[in-house]
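Subject: The model I promised

Hi,

Here is the structure for you to open alongside this email. Below it are my notes on what turned up.

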Amino acid sequence: MNPFNLKFKFIMALIVLMGIRANAAEIWISTSGSDSNIGTKDFPLATLPNALLQARALRQANDPSIVGGIHIILRGGTYQLSQTVVLSQKDAGTVASPTYIEAAPGEMPVISGAVTVANWQDAGVVPGLPAVAQNKIWVANTCY
C-alpha cells in the first residue's frame with residue numbers, strides 16, 4: 001500500500017472525527033452549577049436529570065446542533081441523586097447523532113444514589129425472629 005494513501009486516509013479520518021465533535025451539542029454539568037443555567041461550560045447545569053431533559057428537548061426540536069450527537073459532560077465532584085435517573089431508547093439518540101454521558105477531560109465525576117442513614121438503635125426483642133437473632137437487629141428511622 002502506498003504510504004501517502006495511508007497517511008491521507010488517516011488525516012481525512014481525523015478531520016471527519018474532529019468535525020463530528022465540533023458539530024456536536026454539549027451540555028455541561030458541575031456541582032457548582034445551577035439548573036437555571038443554560039448548560040454551557042461557563043454556565044453549567046447542576047444535575048444529570050436536567051441535562052437529560054435539555055438533551056430530549058434538543059432532539060424533539062430537531063435542533064441543528066445535534067447533528068454530530070449530544071455530549072453531556074460532567075465536571076469532577078459527587079453528584080448526589082435524589083431521584084431515579086431513567087434512560088430510555090430515545091435518550092440514546094441515533095447512529096448519526098448518539099448521546100454520550102461522559103467525564104470532562106481530566107476530571108472524575110461520581111454519580112451516587114447512596115443516602116446517609118443515621119440514628120441507629122437496637123430494635124431489642126422482635127416478635128417472630130429466631131432467638132439467635134434477638135437483640136442483634138438495628139433500625140434507623142432517619143435518612144439524609
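Let me start with Ser 112, which sits in strand E5, residues 109-112 (helices, H or I with at least four residues, and strands, E with at least two, are DSSP runs numbered from the N terminus). Before going further, a word on the ground rules: this is a predicted model, where local features need pLDDT of at least 70, side-chain atom pairs count only at pLDDT 80 or more, and totals for chains, interfaces and linings use all residues. Residues are numbered from 1 along each chain as its sequence is written, and side-chain values use heavy atoms, with hydrogens and water left out.

Back to Ser 112: buried or exposed? Ser 112 counts as buried because its relative accessibility is 15% (buried is under 20% relative accessible area, exposed over 50%, partly exposed in between, with a 1.4 Å probe and protein chains only). Leaving out residues up to four places away in sequence, Ser 112 touches Thr 78, Tyr 79, Gln 80 and Leu 81 (contact means heavy atoms within 4.5 Å). A polar atom of the Ser 112 side chain also lies 3.2 Å from the backbone nitrogen of Ala 114.

Now the overall layout. The protein has two helices and nine strands, and from the N terminus on they run α-β-α-β-β-β-β-β-β-β-β. Of its 144 residues, 25% are buried. Among contacts with a separation of 6 or more, 61% are between residues 24 or more positions apart.

The pair I'd look at next is His 71 and Glu 102. His 71 lies in strand E2 and is buried, at a relative accessible area of 7%. Glu 102 is in strand E4, residues 99-103, and with 25% relative accessibility it counts as partly exposed. Their side chains make a polar contact at 2.3 Å (a pair of N or O atoms within 3.5 Å; within protein, one must be able to donate a hydrogen and the other to accept it, and residues adjacent in sequence count only if both atoms are side-chain atoms).

Ala 51 contacts Ile 27, Ile 29, Leu 45 and Ile 72, setting aside neighbours within four places in sequence.

Helix H2 (residues 48-60) turns up again at the largest pocket, where it gives the most to the lining, with four residues. The lining is Ala 55, Arg 56, Arg 59, Gln 60, Ile 70, Ser 88, Lys 90, Asp 91 and Thr 99.

Asn 119 counts as partly exposed, at 48% relative accessibility. Its C-alpha is 5.6 Å from that of Ala 140, which is 21 residues away along the chain.

Cheers

Terms used:
1 Å grid on protein atoms, 1.4 Å probe; cavity = no way out; pocket = protein on both sides within 12 Å on 5 of 7 lines; lining within 4 Å.
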